[in-house]
Amino acid sequence: MTHPATTSTVPAQHPYPQRWRILGLLGVAQLMLILDVTVVAVALPSMSADLGLGRQALTWVVSGYTLAFGGLLLLGGRAADLFGARRLMAVGLGLFSGASLLAGLAPTGWALLAARVLQGVAAAILSPGALSLVVRMFDGSERDRALGIWSALGGGGAALGLLLGGSLTAGPGWPWVFFVNVPVGLLLGLGLHRALPRDAASGSPGRLDLIGAVLVTAATGTLIYALIQAGDGGWATAATGMRVAAAAGLYLVFVVRVRRTAHPLMNLNLLARRPVAVGALLVLVATALMITVFFLGSFSFQNHLGYSPLRTGLLFLPVALATMAGAPLAGRVLARLGPRLLGAAGLGAGGIGMWAAATVHGTTAMVAGISLAAAGTGAVFVVASATALGQVSP
């Protein structure tokens, strides 16, 4: 006698059963990396007084980190493909903690700048692998929610950096904006090493394109230098034009290198995909607006209005809360509203908020306008990430 086949009702185990815990650890790591872009903004006047730094040197204390971070991101992503995200997490967090310790102990401006560049290198190693894990661990609506949390922690970290920087500068002193990273980074590294499964064998044969990484970083560095010098020498001068042209030439050489090498740093055909191009443009616009406001707002509150570092940081608390509220909400309603409507609403809120901050007089109006803009750009970050990454394979 034959028995009818039975279908098991036991759901298959998810390959990442601890994915939400891992997301929390990765999110805190990303928050720490983004926070270090703005955490020094409130502390810059104190650094200038203690180390004797001029305007250009202060600019490079910020730009040195972001240049190394952004310029080496492609190399960090390729390294994660070849060596595994788990290994890169440990290396990146360990290096970031060590560089933060050196920055806090820096006796001169040059030592501080070198430590900041090393922090940026560590961030470039860490960040691409972290985002690739987020995309790999979640699918469908879960991915939208996860990207909402990821964007909230990243965007909120920029504003929280001002609050933390103000609190530490007014308290134990500016070196502690770096010292605080040391225990946090080491604990995160230990937690992720235990929670993440071992890296599988790489399915992406090849090697690192170090020449391509040098070219794209040099091009970005030259462009940043041109923008910094233009503030003193003028935007329409021959020197500024030559520096911008040199940056464009280096980018062109990078494109030629990528197209001819056997193991390119990136696939330029990705930029021909509309979702990737639109997502990258949205991230560029939203990040440029918010980071600019954080730095200019910090200097306006301290140098123009005479506010203390702590008061300046507290004024940006509503901005952080708005960013961290807007992004998760956008992640939950993205599937219902669609990326076009949600993206347009986020950009509209950002534009209205920036207009109010620029035209209505008073500190309260400025903070309220920036907070509205932050909520809108938080939603834009989610739309951009979901648009660019929603259709990619693991």
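This tour moves through the structure one selection at a time and says what is found at each stop.

The model is predicted, so local features are given only where pLDDT is at least 70 and side-chain atom pairs only at pLDDT 80 or more, while totals for chains, interfaces and linings use all residues. Residues are numbered from 1 along each chain as its sequence is written, and side-chain values use heavy atoms, with hydrogens and water left out.

**The nonpolar core**

Begin by selecting Leu 26, Met 47, Leu 112, Val 134, Phe 178, Leu 192 and Phe 294, which touch the most other members of the largest nonpolar core, a set of 99 residues. A nonpolar core here is a set of buried Ala, Val, Leu, Ile, Met, Phe, Trp, Tyr and Cys residues joined through side-chain atoms within 4.5 Å. Buried stands for under 20% relative accessible area, exposed for over 50%, and partly exposed for what lies in between, using a 1.4 Å probe and protein chains only. Next, colour helix α16, residues 363-389, which gives the most to this core, with 12 residues; helices (H or I, at least four residues) and strands (E, at least two) are DSSP runs numbered from the N terminus.

Now centre the view on Leu 26 and show its contacts (heavy atoms within 4.5 Å). Not counting residues up to four places away in sequence, Leu 26 touches Met 89, Ala 130, Leu 133, Val 134, Met 137, Trp 150 and Leu 192. Another core, of 5 residues, lies apart from it, and its members include Trp 60, Leu 113, Ile 224 and Ile 228.

**The salt bridges**

A search of the whole structure finds 3 salt bridges, each being a side-chain nitrogen of Lys or Arg within 4 Å of a carboxyl oxygen of Asp or Glu. Select Arg 19 and Glu 142, whose closest N and O atoms are 3.2 Å apart. Arg 19 lies in helix α1 (residues 19-38) and Glu 142 in helix α7 (residues 140-170), so the pair ties together parts that are 123 residues apart in sequence. Arg 19 is buried, at 13% relative accessible area, whereas Glu 142 is partly exposed, at 22%.

For another salt bridge, select Arg 116 and Asp 36, with 3.4 Å from N to O. Arg 116 belongs to helix α6 (residues 109-137) and Asp 36 to helix α1, so this pair ties together parts that are 80 residues apart in sequence. Both Arg 116 and Asp 36 are buried.

Then move to Asp 209 and Arg 257, whose side chains meet in a salt bridge at 2.8 Å, N to O. Asp 209 sits in the loop between α9 (181-195) and α10 (210-233), and Arg 257 in helix α11 (residues 238-260), so the two tie together parts that are 48 residues apart in sequence.

**A buried threonine**

Select Thr 312 in helix α13, residues 309-315, which counts as buried because its relative accessibility is 0%. Its side chain reaches the backbone oxygen of Ser 308 at 2.9 Å. Leaving aside neighbours within four places in sequence, Thr 312 is in contact with Val 42, Ser 298, Phe 301, Gln 302 and Tyr 307.

**A last stop in helix α12**

Finally, select Leu 281 in helix α12, residues 274-304; Leu 281 counts as exposed, because its relative accessibility is 51%.

Notes: Polar contact = N/O pair within 3.5 Å; in protein donor to acceptor, adjacent residues only side chain to side chain.
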